[in-house]
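Me: Here is a structure I would like to go through. Please keep to one helix and its packing.

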Amino acid sequence: MGRSVQQISDRVCLFASQDTWIEGAAIQQLTKTAELASMHRVAGMPDLHPGRGYPIGAAFFSLDRLYPALVGNDIGCGMALWQTTTKVAKVNVDKFAKRLEDIEQPLDASWQETVQAEMTHRDISAGLFESALGTIGGGNHFAEFQAVERVYNEAAFTALGLDKKYLQLLVHSGSRGLGQAILVDHIARFNHDGLVAEAGSESESARYLARHDEAVRWAELNRFLIAKRFLAAIRSDGECTLDVNHNLVCPKVIDGRAGWLHRKGATPSDKGAVVIPGSRGDYSYLVQPVNNAPALTACLYSLAHGAGRKWKRGDCQSRLSHKYKREDLYRTALGSRVICGNKELLYDEAPQAYKKCETIVSDLVDAGLIEVVAILRPVLTFKTNGSCSS
């Protein structure tokens, strides 16, 4: 592993170079989390930034206790990459933008047969937060049409079934109000103390894990439906190349010890190729984890999940409004278009609020964790057109 690995203490490791700016509060949160009961090790990624009590962009491995608060309220949030049947050369961004204007509304009756069949197939309770399925939500969630800018590893790229002539669709969303309801219920009953991992379906930990796992399946279905409706809107079809969650907890054996691996904004490195997205005005990176056992263990089998914020939400408009008119933010320096009907979100998710994704990826390459397969360029980014509720 290279210079992008900082051993802060015997239980805290940060995968970022000294040149990568990380807010001090985030490192404090990471160190504090390592002091939780039964916590064995924690690993911060180069996109580490402060969260509500716990850092985002980190993985946490505990032994006999699991912590729902570390997973947070967006259980199952993740990234899905689809290859469309639309050729990049045929893209008309103005037409696409017009067709996507009202796409964030709840799915209409024409989708009911698909929704019911998928909920049954994925073992999701009938009617569970059904009205939110197929919607992106607020915050940093998005759906983005992308073009393949450059391929670095042709063999890996082709093995994924990808073709650079075709438009790609990247969907970032999670479990919407379902994950929030699960966390609120847990905190009301147990605060932030965590749950002793006990055997038996009647234990509190088993009850939480059952709801958690259903929320993960719900989030995966949500991304599937978002992709399907976006493809239908542009009169295209497509196939899912990958779908990987970055907010979840699962059993894992690390350092020869069985325990619970929590990921909060940390993409698994043991699930094959993943996309590390940049801001809406930056490139995204399709990467392949490196099969390096010591490195995989050190990073708790996790990678960065994005570029990582530089600025707090709510501060962005005051930082940018004197330089940019609202209309300026609907186009990016890369020539891509942005659809966002929420003024606050338009500023909060501006490219300037995020680190350069190249920096994040470089740190992971230097640490021996990944190799870059391809770079993806944004063409059209959709953010919610309604309220910012997640």
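Reply: Helices here are DSSP runs of H or I with at least four residues, and strands are E runs of at least two, numbered from the N terminus. The model is predicted, so local features need pLDDT of at least 70, side-chain atom pairs count only at pLDDT 80 or more, and totals for chains, interfaces and linings use all residues. Residues are numbered from 1 along each chain as its sequence is written, and side-chain values use heavy atoms, with hydrogens and water left out.

Me: Which residues of helix α4 (residues 112-121) are buried?

Reply: Buried means under 20% relative accessible area, exposed over 50%, partly exposed in between (1.4 Å probe, protein chains only). The face turned away from the buried side carries the exposed Glu113, Thr120 and His121. The buried residues of α4 are Val115, Glu118 and Met119.

Me: Against what do the buried residues of α4 pack?

Reply: Contact means heavy atoms within 4.5 Å. By that criterion, the buried residues of α4 pack against α7 (204-233).

Me: At what angle do α4 and α7 pack?

Reply: Axes are lines fitted to C-alpha atoms, for helices over the stretch in contact, and angles run from 0 to 180 degrees between N-to-C directions. The axes of α4 and α7 are 11 Å apart. The contact is made by Thr114, Val115, Glu118 and Met119 of α4 with Leu221, Phe224 and Leu225 of α7. The packing angle is about 150°.
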